[in-house]
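Good morning, and thank you for joining. I shall take you through the pockets and cavities of one model, and then through selected elements of its backbone. Please have the structure open as I speak.

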Amino acid sequence: MTRRVLVVEDDLTIAGSVAARLRAEGFEVDLAHDGPSAVTRARDVRPDLVVLDVMLPGFDGLEVCRRIQAERPVPVLMLTARGDETDLLVGLAVGADDYLTKPFSIRELAARVHALLRRVERAASAAAARITVADLEIDLAERRVVRGGEEAHLTPTEFELLVHLAERPRAVQSRERLLSEVWGWADGTGTRTVDSHIKALRRKLGTDLIRTVHGIGYALEVPR
């Protein structure tokens, strides 16, 4: 099945280059060039993934990401020209799954798109099963997470990260291993990405669920 990607970028040259490369990779590509039209387009075409610039007219990419994720969880690859860590952390907090800083390689962007979609596809093909750890329930088939009887709405990457930890309760997972297993990043850089997603999981599921092992990584807590 052909995957659909929505590219949201106000620079027409960059948008055209990204769209051309992704079409050459076999994707259907839709374009939007400002915040309001991006939200409308995402609602109309229901893309499998969104490539989203932070700086947009109308309203910025962070607000676009918030609105898109509020309607339907979808993988988001965010583009930023600022190199501002605040933008990165806020972007991850509102539901972005990955990011690239401009200027970037079109080849690397295409590789990141493929990696994001592979993660989603692996999860979708998982057998209908549940993971239960104390009061935490994860439905792999429906991609639903409930803790203490209350459902939590997670982004695709937050869900994958939680599943990875829940499949290995109490086992400490290094940031580098999580980047490799969940994000598919082989070089081990980008540990702030892991930290930001852990913060998001704690915010949505409670601060007592995931333990920090200083200097190493994280582990899912299980009451003894």
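By class, the residues lining the largest pocket comprise 15 nonpolar, four polar and 14 charged. For this count, Ala, Val, Leu, Ile, Met, Phe, Trp, Tyr, Cys and Pro are nonpolar, Asp, Glu, Lys and Arg are charged, and the others, Gly among them, are polar. The model is predicted, so local features need pLDDT of at least 70 and side-chain atom pairs count only at pLDDT 80 or more, while totals for chains, interfaces and linings use all residues. Residues are numbered from 1 along each chain as its sequence is written, and side-chain values use heavy atoms, with hydrogens and water left out.

The lining of this largest pocket consists of 33 residues, and Arg72, Pro73, Val74, Leu154 and Pro156 lie nearest its centre. Helix H3 (61-71), helix H5 (106-124), strand E8 (144-147), strand E9 (150-152), helix H6 (156-166) and helix H8 (191-205) are the elements that give two or more residues to that lining. Helices (H or I, at least four residues) and strands (E, at least two) are DSSP runs, numbered from the N terminus. The volume of the largest pocket is about 680 Å³. On the method: a 1 Å grid is laid over the protein atoms alone; a cavity is a set of points where a 1.4 Å probe fits but cannot get out, a pocket is an open set with protein on both sides within 12 Å along at least five of seven lines, and lining residues have an atom within 4 Å of a point. Grid points are joined across faces, edges and corners, and a volume is the space filled by probe spheres set on the points.

Each of domain 1 (4-123) and domain 2 (128-220) supplies at least three residues to the lining of the largest pocket. The domain bounds come from an automatic or database domain assignment.

I turn to the cavities. A search of the whole structure finds two of 30 Å³ or more. The second largest cavity has a volume of about 30 Å³, and its lining is formed by Leu116, Arg119, Val120, Arg143, Pro156, Thr157 and Glu160. H5 and H6 are the elements that give two or more residues to this lining. Its residues divide into three nonpolar, one polar and three charged.

Val120 is partly exposed, with a relative accessible area of 26%; buried means under 20% relative accessible area, exposed over 50%, and partly exposed in between (1.4 Å probe, protein chains only). Val120 and Asp48 are 72 residues apart in sequence, yet 9.3 Å apart in space, C-alpha to C-alpha.

Next, helix H8. Its 15 residues reach 21 Å from the first C-alpha to the last, close to the 21 Å expected at 1.5 Å a residue; the expected span is 1.5 Å times one less than the number of residues. Among the buried residues of H8 are Val194, His197, Leu201 and Arg202. Gly206 follows H8 and has a positive phi, near 110 degrees.

Now the strands. E10, E12 and E11 form an open sheet in the order E10-E12-E11, with antiparallel pairing. Strand E10 (173-174) and strand E11 (210-213) stand at the edges, each with a single partner strand, so one side of each is left without a neighbour in the sheet. Two strands pair if DSSP finds at least two bridges between them. E11 and strand E12 (residues 217-220) pair over four bridges, and Ile210 stands opposite Leu220 in E12.

Four bridges join E6 to the antiparallel strand E7 (residues 136-139). The hairpin of E6 and E7 has two residues between the strands, and there Ala134 takes a positive phi near 55 degrees.

Finally, some backbone points. The peptide bond from Lys102 to Pro103 is cis, with omega near -5 degrees. Arg46, although not a glycine, has a positive phi of about 50 degrees, and Arg46 is exposed at 52% relative accessible area.
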